[in-house]
Structures are given as C-alpha cells and as structure tokens.
Amino acid sequence: MWDKILNPIDLIPNIPVASAVERANDWLLGLIGDYTRAFSYAFGDRGFMGEVVDALLWVPPSVLILLITLLAWKLSSRTVALFTLIGLILIYNMGYWVGAIETITLILVSVAISIAIGVPMGILTARSDKVHRIVWPILDFMQTMPAFVYLIPAVFFFRIGMVSAMIATVVFSMPPVIRLTGLGIRQVSVEVVEAAAAFGSSEWQKLTMVQMPLAKPTIMAGINQCIMLALSMVVIAAMIGAKGLGSSVLRGIQRLDIGGGFASGLGVVILAIILDRITQSTRQEKTAEE
Amino acid sequence: MAKIEVKNVTKVFGNHPDKALKLVEEGYSKDEIMEKTGQAVGVLRASFEVEEGETFVVMGLSGSGKSTLIRCLNLLITPTEGTVIMDGEDITAMNDEQIKTMRKSKQSMVFQRFALFPHRTILDNTAFGLEIQKIDKQEREERALKTLEMVGLKGWENRYPEQLSGGMQQRVGLARALTVDPEILLMDEAFSALDPLIRREMQDELLDLQEKMNKTIVFITHDLDEALKIGDRVALMKDGVIVQIGTPEDILTNPANEYVAKFVEDVDMSKVLTAEGIMNDPEVLAFPKDGPRVALRKMREEGISSIFVVDRNRRLVGYVMAEDAAKAADRGDQDLTQIIKEDVITVKPENTLNELFEVSASAPVPLVVVNEEHKIQGIIIRGTILAGLVKQTDELIETKGENDIEKETSGDVGQNT
C-alpha cells in the first residue's frame, strides 16, 4: 500500500501496448494475409525479382562489368569508372558475383519502389500543410524504430525471402525520399511559383515545369540517401531470407569466419561507393547546369 | 469604361477575417485591428480606377499593402472583401478555370526579384507564358525572340538567368511579361532591386516602350521619384489605405494631408515639373513679313532684346535680334527675312526642368516650347526655370512676387543676349 502511494505512477494499470499490436497484427493478417503472400510469391525469388537476378546473371560477367563501368564513366568521371571496373572485378574474383547481383537487384527494386511511393508523397506533403503535419511524425517513427522490429511482421505477411527483405528495406529507406522531395519543392522561391501562376499555369504545369525541375537536386540527394540506407539494410535483410552479399556476411558472423565475413563486407562497401558516386554525380551535374 | 475598377477591396491575413472586417466597418485603423484581433490587415477599402492605356502607380513604403493590392488584381491574393472589375467582368467572382483564362489572356506580371526560372534559358523563360498557353514551339520561340530583341537582349537567348546582370535579368522579366501581349501589365516594384543608374535606364525604356505599346500598366513602387516620373496618375498608400490619388503634379502641389506633404517634401522638383508647367505665354511674336521697325517697336514695348518669328500658323521660324533689326531698318529692308536667325533651341512640353537646365545653359535666347507640329506653345527664360522651382517649393512667394522675379530675369537674359 505504502509503496503505491509513494510511487503514484504504479496506480495506473498496465497499458497493453504489446498485446494490442499483436492483436492488430493478427487481425490484419487474417484480412490480407493471403493476398500479401500471393504477392510475395509472384514478386519474390521465384517471381519477378528472381527473374531480374536470372536476367542479370545471364549476361556474361565481363560484359556486365564493362557496361556498368561505361555507365559510371558516362554519368560520373573517369576515376569513378576506373574504381567501378577494379571493384567489380575484385568482387567477381572473390567469388561473390552472384551475391552482388542479388544484392543489387534487391537494392534497385527497393529504391524504385521507394521513389515510386516517396516522390508523390513528398509532393503531397509540400502542397498541403495538413498532410505535412501528419506524415512527418510517421517518418520520424519509421526511421527511429529499430529496423529489426519490421522484420517479424514482414515475415508474417510475406514469408521469408526477398519480398520481406524488400519491404523492410523500403520502410527504412523511403523516408529521405519523401522528406527531401517535400523540402525541395517547398524551397522553390515563392516569387518564382507566383510567376508561374501569374501566367495562368495549371497546378500540373506549375509542378512539372517549375517546382520539380527546381527541386531536382534536392530530390536526387534524397534518392542518394535512400540508396545508402537500403545498402545499410542488406545484412539485416539477410536475416529474413534475402540472398546476396548480406547473407554471406551473416554466414561469416555465424561461423566466426572472419575472412569470409570481411570479404563479403568489402563487396557491400564497393557496391555502396559505386552507387553513391554515380547518383551523387548526376545530382551535382544538375546543380551546375542550373 | 475604365479598364480596371477596384472597389472597396480589403484584404485581411489571419484565421478570423470576419472579426477584423467588423472592426473595419467600425472604422478602426490597421494597428488597432491588429491589437484587438491579431488579424493583419493588408489592404483597407482600396478603391480606384485605371483607364485603358494609363500608367497607374501605387506608391507606398514597405508594409503599406501595395504588393498585396497588386496581387489582388491577378488574384494571386484573393481579396477578403470588395470587387475587382476588369473590362466589365468581376474577376473576384470567377472560378479557378476562369481565373487561369483571365491570367493567360489579359495580363502579365513583372516581379521585384525578377522571379526568372533558373533552370530555363533566357529564350525559354521569355516563352514561358506562351508555353503555358500550349502554343507550338516554333511560334512561341519566334515571338519570344521578337520581344527579346525589343528589350535589347538579342543574342542572349541561349544563356541562363544567372549568367546575366540584374538589369538584364529584369529585361528578361519584362520580355517574359510582354511576349504574351497582355492588355494589362502588373509591375511589382519591378525596378527596385536594380542600382540607381540601371533603374533610371529601365524607367526611360519603359516609358519608350509604353509610348509604342500603349498598355494599361499598374506599377508598384516605394520610390516617389520613380512614381512621379512613370505615373500618369499616382496613388499614395499608407497602412493599407490609399490616402491620395492624383497626377504627379496634383500630389506635389496639393497634398491631401500631412502625411503626403511630408512625403513629397524632399522631392526633387526639377524631375517632376515640366516645361509646359512653367512656360510663359509668348504674347509678342513677329512675322517674317513684318518690317524691321515694327519688330523693334514690339521689342521696345516688352523690354526685350530679341523677338521670336513665326509663320501664319504659329510655326516657329527663328528669332530676330534688336541690333540686327536696327541695322536692317537703317538699310531700309522691307521685311525680316534677311536677319532671321535659326539657332533656336526648342523643347517639348513634357520635358522636365531637369532636362531644361542642361540645354538652357548653351542657349543664346530663351528656350521655345513647341508641339509636334512645331507650333510655338510658350517660351522659357533661363530665370523661369529657377523661378519655377522656387514657386513650387516655397508656398510663401505670392503671385506678384513671382512675376517680379520673372520680369527681372527676363530683362537680364535680354541684356546678355
């Protein structure tokens, strides 16, 4: 009795956060579980993403390495191209080529989905203060909640495999796309937007002819961030069945295989640097042009 | 019918405009309303009309509501109360679609900080309005090139705004507005961000362009000199209220209240007063067929040492000096044709005193004000220019006193010549 009076917070009955979430999860699973699993089957390892991996593996590695090198040269600089060439050859040489392709596929698909959802969401947050006020705390929540927490429900809904990994990756890496798209559009000078309006432009014209082009460098920064965050998820994603370099790292950890863990980790770093330099340079190029 | 009629326009910024409007009805001022309701009144019951082809200047210090007012004319800001009628149509009652059409077809705007699109070339900036109207690429680029040439930016069309100086950027802003060939041009402090020399140049160019195009212009400025120079009529705003509307001379000579009077106190009159305003009636003129003695007598009666000669239609021919007339009379000449001198300096009625100063210094005889047909309108003696300034700036000098000054100075000039 006395300790309760001395510590009145104890008088509040337990709030069942954990069990409420569990019940909500069960309810939702019963509602859409069949569909999400069907989607997972069609989109996952044996579906779309598997086909992308197969297609990339069908191309002879030397040809693919050359193509990616050329792309890096075109979009970025000769130095980046040289790094790409050496880095990819090293990955191949260490025996992680298949893993690298699987990882790249996971990253590209996740990032594509993040952009497809994130850019329109960002536009909405820029256009409406109300949406902005609702969405930003959710983004804070998504980014600060430990990523592992998403893994379990993802597995419930999408089973172990690429799709669960992709969902967890999207949840974790999409926020910067939304944030920076919204920010980029809001940063366009008021007078410039007024000028567009004063000539009688429609909302769509205003968005596509003025706001989006001017927000592009910021949006590109968001996409760059998104790619980096997605890469940082590969090991965690491997825990729920994503194949690729991440699973090699995980295996290295589990078997205390220091060399193998480091080698596959190095592969992730190489991919990260290549993707970062390429996307960053497209952003800088645009800025200089503008 | 006026091109633009603004009736009782009020704009309140805030969440509860009706509270503020109630106080507006009761006649409270902007500050009192802010204090009582927390609502910011931008414009308070503004009413004015702008005629077709007129340049109407709204002038006020920052925070006076002038930028809000001009945005009510293209509905970038929707008035809380009141109507804006353009060509007989109430634009404040229009729906979004109609507003877009109105903006495309009737008007365009030039902005203080240029508001060019940094990602578009000068050509694409200039053609923007036409692109919005979905006019095909070839036509819009042709028209854009034409206006760029008009504002003196030929050859710059493939550059980007940041590669141009401020003055040039605003020329692009002007070209962009003119390319759509609007009936109404809204200029929001268009020249305020430019340095003084460029600003003056742009003002002159706007006046030149306006002479050719004859648009209806609403021009916002905080610079009184600019307002008086550009405006056919000027509206003075203070705290969201229009305190006086009138021609530049009206505002200077009959300030509606102390605020306006204080405002115009420091105005450089030489830039505002025109030749027309200060010229004297050329009461005595000679004709070429007059005999030298007639001319001499006219000069003697007026106490002047030279006389202007005009033809039967009062078109200026030249002038005759008293000493030449005397010699001609001795020679027995029958008329003045032999001794007429033609090195007269003529000015236009709309030339400002400022401009007169420059030319009068080198003039042997008084300046002659002529109209386009070269008919004589009046004459200006060098002393009159100074007197004109004194007359306007110092209200204490009475009419009689002024006349004395003029007489004296005209005598001086006569002797000098």
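Chain A of this predicted model comes with a mean pLDDT of 89, and 96% of its residues reach 70 or more. Within chain A, helix α10 (residues 175–187) has the highest confidence, at 95, while helix α1 (residues 2–6) has the lowest, at a mean of 71. One stretch of chain A calls for some caution: over residues 285–290 the pLDDT stays under 50. For those residues the model has six contacts beyond four places in sequence. Chain B averages a pLDDT of 84, with 91% of the residues scoring at least 70. As for the model as a whole, it scores ipTM 0.77 and pTM 0.73.

In one pair, helix α6 (residues 97–127) of chain A packs with helix α14 (residues 245–254) of chain A, their axes 7 Å apart and the angle about 120°. On the α6(A) side, the contact is made by A:Gly99, A:Ala100 and A:Thr103. Facing them from α14(A) are A:Leu245, A:Gly246 and A:Ser248. Sorted by class, the contact of α6(A) with α14(A) has two nonpolar residues, four polar ones and no charged ones.

The other pair is made of helix α2 (residues 17–43) of chain A and helix α8 (residues 148–158) of chain A, which pack at an angle of about 65° with their axes 7 Å apart. From α2(A), the residues making this contact are A:Asn25, A:Leu29, A:Gly33, A:Thr36, A:Arg37 and A:Ser40. From α8(A) come A:Pro153, A:Phe156, A:Phe157 and A:Phe158. The classes in the contact of α2(A) with α8(A) are five nonpolar, four polar and one charged.

Turning to chain B, the C-alpha trace spans about 90 × 55 × 40 Å along its principal axes. Chain B has 18 helices and 15 strands. Of its 417 residues, 42% are buried. Among the contacts in chain B with a separation of 6 or more, 65% link residues 24 or more positions apart. Chain B is divided into two parts: domain 1 takes in 4–106 + 182–267, and domain 2 covers 276–416. Taken over C-alpha atoms, the centres of domain 1 of chain B and domain 2 of chain B are separated by 43 Å.

Where do the two chains meet? In all, 18 residues of chain B are in contact with 15 residues of chain A. On the side of chain B that touches chain A, α4 (96–105), β6 (107–110) and α6 (128–132) of chain B each supply at least two residues. The largest share comes from α4(B), with four residues. By class, the residues on this side of chain B divide into nine nonpolar, five polar and four charged.

B:Phe114 sits in the loop between β6 and α5 (122–126) of chain B. Although B:Phe114 is not a glycine, it has a positive phi of about 70°. B:Phe114 counts as buried because it has 24 C-beta neighbours inside 10 Å, and the cut-off for a buried residue is 20 or more.

B:Asp239 also has a positive phi without being a glycine, in this case about 50°. The place of B:Asp239 is the loop between β9 (233–238) and β10 (241–246) of chain B. B:Asp239 has 17 C-beta neighbours inside 10 Å and therefore counts as partly exposed.

B:Ser270 lies in the loop between α12 (258–264) and α13 (275–278) of chain B. With 17 other C-beta atoms within 10 Å, B:Ser270 is partly exposed. In sequence, B:Ser270 and B:Leu296 are 26 residues apart, and in space their C-alpha atoms are 35 Å apart.

Technical notes
Residues numbered from 1 in each chain as written. Chains lettered and ligands numbered in written order. Predicted model: local features only at pLDDT ≥ 70, side-chain atom pairs only at ≥ 80, totals over all residues. Buried ≥ 20, exposed ≤ 12 C-beta atoms within 10 Å, placed from the backbone. Contact = placed C-beta atoms within 7 Å. Nonpolar A, V, L, I, M, F, W, Y, C, P; charged D, E, K, R; others polar. Domains from an automatic or database assignment. Axes fitted to C-alpha atoms, helices over the stretch in contact; angles between N-to-C directions. pLDDT = per-residue confidence, 0-100.
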